[in-house]
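Here are a few notes to read beside the model. Take them one at a time and find each place in the structure.

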Amino acid sequence: MYKISVIPGDGIGKEVMEATLHVLEAVNVDFDYEFAEAGDEYAEVSGVPLPQETIDIVKNSQACLFGAAGESAADVIVKLRQELDLYVNLRPVKSYPGTKSIFDNLDFVIVRENTEGMYIGLENETEEGATATRVITKKASERISRFGFEYAKKTGRKTVTAVHKANVLKKTDGVFKESFYKVSEEFPELESNDFYVDATAMYFITKPEMFDVVVTTNLFGDILSDEGAGLVGGLGLIPSANIGDKQGLFEPVHGSAPSHAGKGTANPAAMMLSAVLMLDYLDESEEARRMEKAIVKVLSEGKVVTKDLGGDASTMEMAAEVRRVLEES
C-alpha cells in the first residue's frame with residue numbers, strides 16, 4: 001500500500017481531484033490517502049497559504065497529488081519544490097485523439113530544472129529600475145541532465161536535447177551546456193545534441209517531431225512547456241510531475257481557473273494523466289498504461305467528455321466513464 005498525500009487546493013483543483021480519486025479506485029493498486037490544505041482559500045482562513053503541517057504530510061508520503069493553487073501558487077508550489085528538493089519538472093507533450101492537437105504524432109518530454117535559474121527570486125530595485133540574479137550551478141545542471149538521460153534510457157527514447165542560450169549567456173548557460181555534455185559521456189548509447197532556446201521555440205512549431213527528451217533550465221523550461229501544451233490542445237490536457245530523490249508531486253498545469261470553479265464542468269484529463277505519471281513514478285507501469293488507455297479511449301470516442309472537448313458531460317460524468325472503461329479492461 002502506498003501512502004499518498006492529497007492537496008486539492010483551490011478552484012477546480014477540488015473537482016478534478018475528486019474525479020481522479022474516483023478513477024484511481026479502479027486500478028489494481030492500494031492507496032492510503034492523507035489530505036492536506038494549501039492555497040488561497042486556506043490562506044483566507046489561516047493567514048498562510050502553505051502550513052508546515054502540509055509540508056510534513058507530503059514529506060512523510062511516497063507521492064503527492066496536487067490539484068491547483070490560485071494567486072498563492074508561487075508561495076505554495078514553488079515552496080514545496082524547494083522544501084522537498086523537487087529538482088525535476090517533467091512535462092510530457094503528447095498528442096491525444098479527440099482533442100484540438102495541432103499535430104497528431106507528438107510524443108516528447110520536457111525535463112526542466114526546478115530549483116534555480118531566474119526563479120530563485122533574487123531581485124533588487126535600483127534607481128534605474130530593477131535587477132534579477134540568475135544562478136546556474138554545476139551540481140543542478142549535472143543532476144537535471146543525468147535525470148534526462150536516465151529517463152530516456154528507462155523509457156526507450158533515443159535522443160536527449162539540451163536547450164540553452166550559451167551564445168549570449170556565456171557564463172551561466174555555459175555551465176549548463178558543459179555539464180550536459182559531461183553527463184552525456186555516461187550514456188554513449190543515447191544521442192545528444194543542443195539548440196538555442198529561440199531556435200527551439202521555432203522548431204517546436206515547424207518540426208516538433210524531431211524532439212524526444214528536452215533538458216533545459218528553469219525559465220526556458222517554463223516557457224517551452226506552455227508552448228508544447230499549445231501544440232497538443234492546451235493546458236487542460238497537460239499533466240506534470242515534480243520529482244526529487246525522495247518524493248514526487250504530481251499536478252495538472254491548468255491552474256485553479258476560478259471562473260469555472262463550482263460548475264462541475266472542468267476537464268479532469270490533466271489531473272488524471274498526472275495520476276498516470278504518479279503510477280509510473282511508483283513503478284506501477286502496468287496500471288499506469290491501463291489507466292492511460294482508458295483516458296485515451298474516452299477522449300477518442302468523444303461521447304462522454306467535457307464541453308472544452310466538444311461534449312456536454314460534467315467532470316464527474318467523464319470520470320465515471322473513464323472508470324467504467326478501466327474496469328472493463
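1. Start with a term. A crossing of two helices is right-handed if the near helix is turned clockwise from the far one by less than a right angle. Keep in mind that this is a predicted model.

2. Now apply the term. Helix α3 covers residues 52–59, and helix α4 covers residues 73–84. Their axes come within 11 Å and cross at roughly 50 degrees. That angle makes α3 oblique to α4. The crossing of the two is right-handed.

3. Which residues in α3 and α4 meet? From α3 come I55, V58 and K59. From α4 come K79, L80, E83 and L84. By class, this contact has four nonpolar and three charged residues, and no polar ones.

4. Stay in α4 and look at R81. Is R81 buried or exposed? R81 has a relative accessible area of 10%, and the cut-off for buried is under 20%, so R81 is buried. Leaving aside residues up to four places away in sequence, R81 touches L86, N89, R112, N114, N242 and E251.

5. Move on to helix α6, residues 172–184. Check its length. At 1.5 Å a residue, its 13 residues should span 18 Å. The end C-alpha atoms are 19 Å apart, which agrees.

6. Which residues of α6 are buried? They are T172, D173, G174, F176, S179, F180, V183 and S184. Their cover includes two helices, α5 (138–155) and α8 (218–231).

How values were computed. Residues numbered from 1 in each chain as written. Predicted model: local features only at pLDDT ≥ 70, side-chain atom pairs only at ≥ 80, totals over all residues. Heavy atoms only, no water. Helix = DSSP H or I, 4+ residues; strand = E, 2+ residues; numbered from the N terminus. Buried < 20%, exposed > 50% of the residue type's maximum accessible area, 1.4 Å probe, protein only. Contact = heavy atoms within 4.5 Å. Axes fitted to C-alpha atoms, helices over the stretch in contact; angles between N-to-C directions. Parallel < 35°, antiparallel > 145°, perpendicular 65-115°, else oblique. Nonpolar A, V, L, I, M, F, W, Y, C, P; charged D, E, K, R; others polar. Expected span 1.5 Å × (residues − 1).
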